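Thanks for coming, everyone. I have one model to walk through, and I'll keep it brisk. Please look at the screen.

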Amino acid sequence: MKIEKYQIDQHNYLYEKQHERKFNFLAETLEQEGINVNTIVTKLADLQIAIPSWALGTGGTRFGRFSGAGEPRSLEEKIEDIGLLHALNRSSGAISLHIPWDIPENTDAIKSLASSYDIVFDAVNSNTFQDQKTQNYSYKFGSLSHSQKEVRQQAVNHNIEVIKYGEMLGSKALTVWLSDGSCFPAQQNFKKALQRTLDSLQEIYACLPTDWQIFIEYKPYEPNFYSTVIQDWGTSFLLANKLGHQAYTLVDLGHHLPNTNIEQIVATLMMEGKLGGFHFNDSKYGDDDLTVGSIKPYQLFLIFNELVEGMEDKNTQNPVPAWMIDASHNVKDPLEDLLQSVEAIKIAYAQALIINREMLWEAQDNNDAVKAQEIVQSAFRTDVRPLLAEARKRSSAALSPLDLFRKLEVRKRLVTERGKLAIATGL
Ligand SMILES: [Mn+2]
């Protein structure tokens, strides 16, 4: 299924007057406050969020999985699904592949299919947290940190293979997330495990093309419940520093203990030019992988406040981070969930962009806590959705993507095409 331009145009025609009224009112208000609305709308239109290939099907928990219908059965159909999202919001122009869940059989054909939807290949992800039928050694007790040399070598080789697939597709980054760790005290020697992880990462780093980046993701617990080798941003940062200038830390919102001040982590990493990747989701208790902005939208906004501050700071060398949604859809239609997630990310971004930064710095320098709070909360409490709609309008996307998704009965049509029992490959 493909969404045609005339369908977007018809939909936008219906909403145009209503949109103009809301946008003009907001634009005028913001301009009076000295904010350049055009610049903000352009920044919003430019922000592209990668969709991971594993997020297009229904996820599950260790207790069960309730599959949806009409899920993509192949990498081709996953790209087609992202094409639908991108046609609706023009903000999902990248796919992040998980190897070996989505090994492209014919890279040229996959590349040209993706480009027919205006989709590029974002970071590629290795997987050494599961055993595959074809592998010789098990990752039950770790991969890059494993006590046995053969297991570590197998995991290193897998990562190098993932880089090769990425190169064929035009990716420029490798994301490494390790589940390595231990479930019981004294099960693992912390120091040796971390040293072995560094040694293995150095072998992978040596094979990284010169124009590539490697992102090191961290997570405090799960699936190991006592210790994780790369448990926090400090450990990731340490490894990235030891590896070199092509290595960066990746922040996944769900990979923090409750109440962690993630915005402060973001600020520190950007000060050091080491924030390379960002995975969006939301959570209440742990790594819940819920829709972005569904639980803690204020925290998301405060994180974007730091991201904007970091991106606009000309004194730091931080590259523009690779943005990706990393969520699991157990209850909602995955495509609707992804549309909501992209919207939530852009709302937080827009709110951060309308903060009067000069005034905020002044309040901070004067230790005026009241004024500083007023400035950020006034931005947070502004309904910026007309700015997002305007950015979509200028990009020939739908004024209201979710509404059009439902009106076009996209899922129903996908079920007709793919069948009720079509289940996504991968997770
Ligand atoms: Mn992640």
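Helices here are DSSP runs of H or I with at least four residues, strands are runs of E with at least two, and both are numbered from the N terminus.

Two housekeeping points. Residue numbers start from 1 along each chain, as its sequence is written. The model is predicted, so local features need pLDDT of at least 70 and side-chain atom pairs count only at pLDDT 80 or more, while totals for chains, interfaces and linings use all residues.

Helix α10 covers residues 334-353, and its 20 residues should span 28 Å at 1.5 Å a residue. The end C-alpha atoms are 28 Å apart, which agrees. Helix α3, residues 75-89, passes too: 15 residues should span 21 Å, and its end C-alpha atoms are 21 Å apart.

Next, burial. I call a residue buried if 20 or more other C-beta atoms lie within 10 Å of its own, exposed if 12 or fewer, and partly exposed in between, with C-beta atoms placed from the backbone. By that count α10 is mostly covered, with 18 of its 20 residues buried. α3 is mostly covered as well, at 14 of 15. Just after α3, Arg90 takes a positive phi of about 50°.

For contrast, take Asp199 in helix α6, residues 190-206. Why is Asp199 called partly exposed? Because it has 13 other C-beta atoms within 10 Å. Its C-alpha atom is separated by 8.7 Å from that of Ser145, 54 residues apart along the chain.

On to the strands. Two strands pair if DSSP finds at least two bridges between them. Look at β7, residues 213-217: 5 of its 5 residues are buried. Gln213, Phe215 and Glu217 point one way, Ile214 and Ile216 the other.

What does β7 pair with? Strand β5, residues 173-176, joins β7 through 4 bridges, and the two run parallel. There, Ala173 stands opposite Gln213. Strand β9, residues 247-252, also joins β7 through 4 bridges, again parallel. Phe215 has Tyr248 of β9 as its bridge partner. From β9, 4 bridges lead on to β10, also parallel. Thr249 stands opposite Leu275 of β10. Strand β10, residues 275-280, has 6 of its 6 residues buried.

There is also an open sheet of 3 strands, in the order β1-β2-β3, with parallel pairing. Its edge strands are β1 (51-52) and β3 (120-121), each pairing on one side only. 2 bridges join β1 to β2, residues 94-96. Pro52 stands opposite Ser96 there.

Last, a helix pair. The axes of α1 (residues 5-32) and α13 (residues 385-394) come within 9 Å and cross at roughly 130°. Axes are lines fitted to C-alpha atoms, for helices over the stretch in contact, and angles run from 0 to 180 degrees between N-to-C directions. Under 35 degrees counts as roughly parallel, over 145 as roughly antiparallel, 65 to 115 as roughly perpendicular and the rest as oblique. So α1 and α13 are oblique to each other. Their contact, meaning C-beta atoms placed from the backbone and lying within 7 Å, includes His19 and Phe23 of α1 and Leu387 and Glu390 of α13.

Notes. Expected span 1.5 Å × (residues − 1). Contact = placed C-beta atoms within 7 Å.
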